[in-house]
Amino acid sequence: MNREKAVVCLTWIAFALTPVTVAELVVAVGLSLSDDPPPLTDEEDSKPKIIKALLPALLLPPGLVVAKEAEDSRKLVSFSHFSVKEYLISDRIKSSRASEFALDEQEAHIKIAQAC
């Protein structure tokens, strides 16, 4: 179950046409911020809670994604380095232990479109 959510998370971060906000990612992955951690408010520094919400039971390893605040105060989620996406779509991942996290661009766009 967590692996499926991790793949959804990675797919949205890698292939969404616009930067993904934390709120969009949480909805796409189907996480509930009301369970653990507590709900976020605009007044709180929500980065630690966001990371906890996106990474329950090591959904994604720490350091793989980062949440940054945009100029309009939205929290945007992205890979910590461009090479993360390159690896996820490469042929190398398909023959590694992480093969279940390999992403296909065409399939990813279809899944995102269906989710919208």
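Which residues in α6 do Thr 11, Trp 12 and Phe 15 in α1 meet? They meet Glu 105, Ala 108, His 109, Ile 112 and Ala 115, where a contact means heavy atoms within 4.5 Å. The model is a predicted one, in which local features need pLDDT of at least 70 and side-chain atom pairs count only at pLDDT 80 or more, while totals for chains, interfaces and linings use all residues. Residues are numbered from 1 along each chain as its sequence is written, and side-chain values use heavy atoms, with hydrogens and water left out.

The chain has 6 helices and 3 strands. These elements are DSSP runs numbered from the N terminus, with helices (H or I) of at least four residues and strands (E) of at least two. From the N terminus on, their order is α-β-α-α-β-β-α-α-α. Of the 116 residues in the chain, 34% are buried; buried means under 20% relative accessible area, exposed means over 50%, and partly exposed lies in between, with a 1.4 Å probe and protein chains only. Among contacts with a separation of 6 or more, 51% are between residues 24 or more positions apart.

α1 has 14 residues and reaches 20 Å from its first C-alpha to its last, close to the 20 Å expected at 1.5 Å a residue; the expected span is 1.5 Å times one less than the number of residues. Of these 14 residues, 10 are buried, and α1 is thus mostly covered. The buried residues are Lys 5, Ala 6, Val 7, Cys 9, Leu 10, Thr 11, Trp 12, Ile 13, Ala 14 and Phe 15. They pack against β1 (20-21), α2, β2, β3, α4 and α6.

Two packed helices are described by the angle between their axes and the distance between the axes. Here the axes of α1 and α6 come within 10 Å and cross at roughly 100 degrees. Axes are lines fitted to C-alpha atoms, for helices over the stretch in contact, and angles run from 0 to 180 degrees between N-to-C directions. The two helices, α1 and α6, are therefore roughly perpendicular to each other; angles under 35 degrees count as roughly parallel, over 145 as roughly antiparallel, 65 to 115 as roughly perpendicular and the rest as oblique. Thr 11, in helix α1, is buried, with a relative accessible area of 7%. Leaving aside its neighbours within four places in sequence, Thr 11 is in contact with Ala 16, Leu 103, Ala 108 and Ile 112.

The strands come next. The 3 strands form an open sheet in the order β1-β3-β2, with antiparallel pairing. β1 and β2 stand at the edges, each with a single partner strand, so one side of each is left without a neighbour in the sheet. α1 packs on this sheet and touches β1, β2 and β3, its direction making about 95 degrees with that of β3.

Two strands pair if DSSP finds at least two bridges between them. β1 and β3 pair over 2 bridges, and β2 and β3 over 5 bridges. Val 77 in β3 stands opposite Val 20 and also opposite Ala 67. β2 and β3 form a hairpin with 5 residues between them, and Ser 73 in the turn has a positive phi of about 75 degrees.

β3 is mostly covered, with 4 of its 5 residues buried. Lys 75 lies in β3 and is buried, at 17% relative accessible area. Lys 75 and Val 22 are 53 residues apart in sequence and 5.6 Å apart in space, C-alpha to C-alpha. Thr 21, in strand β1, counts as buried at 9% relative accessibility. Beyond its neighbours within four places in sequence, Thr 21 is in contact with Arg 74, Lys 75, Leu 76 and Val 77.

A nonpolar core is a set of buried Ala, Val, Leu, Ile, Met, Phe, Trp, Tyr and Cys residues joined through side-chain atoms within 4.5 Å. Of the 22 residues in this core, Ile 13, Phe 15, Leu 25, Val 77, Phe 79, Leu 88 and Leu 103 touch the most other members. At least two residues each come from α1 (2-15), α2 (22-29), β2 (65-69), β3 (75-79), α4 (82-88) and α6 (105-115). The largest share, 7 residues, comes from α1. Not counting residues up to four places away in sequence, Ile 13 touches Val 20, Leu 25, Val 65, Val 77, Ser 78 and Phe 79.
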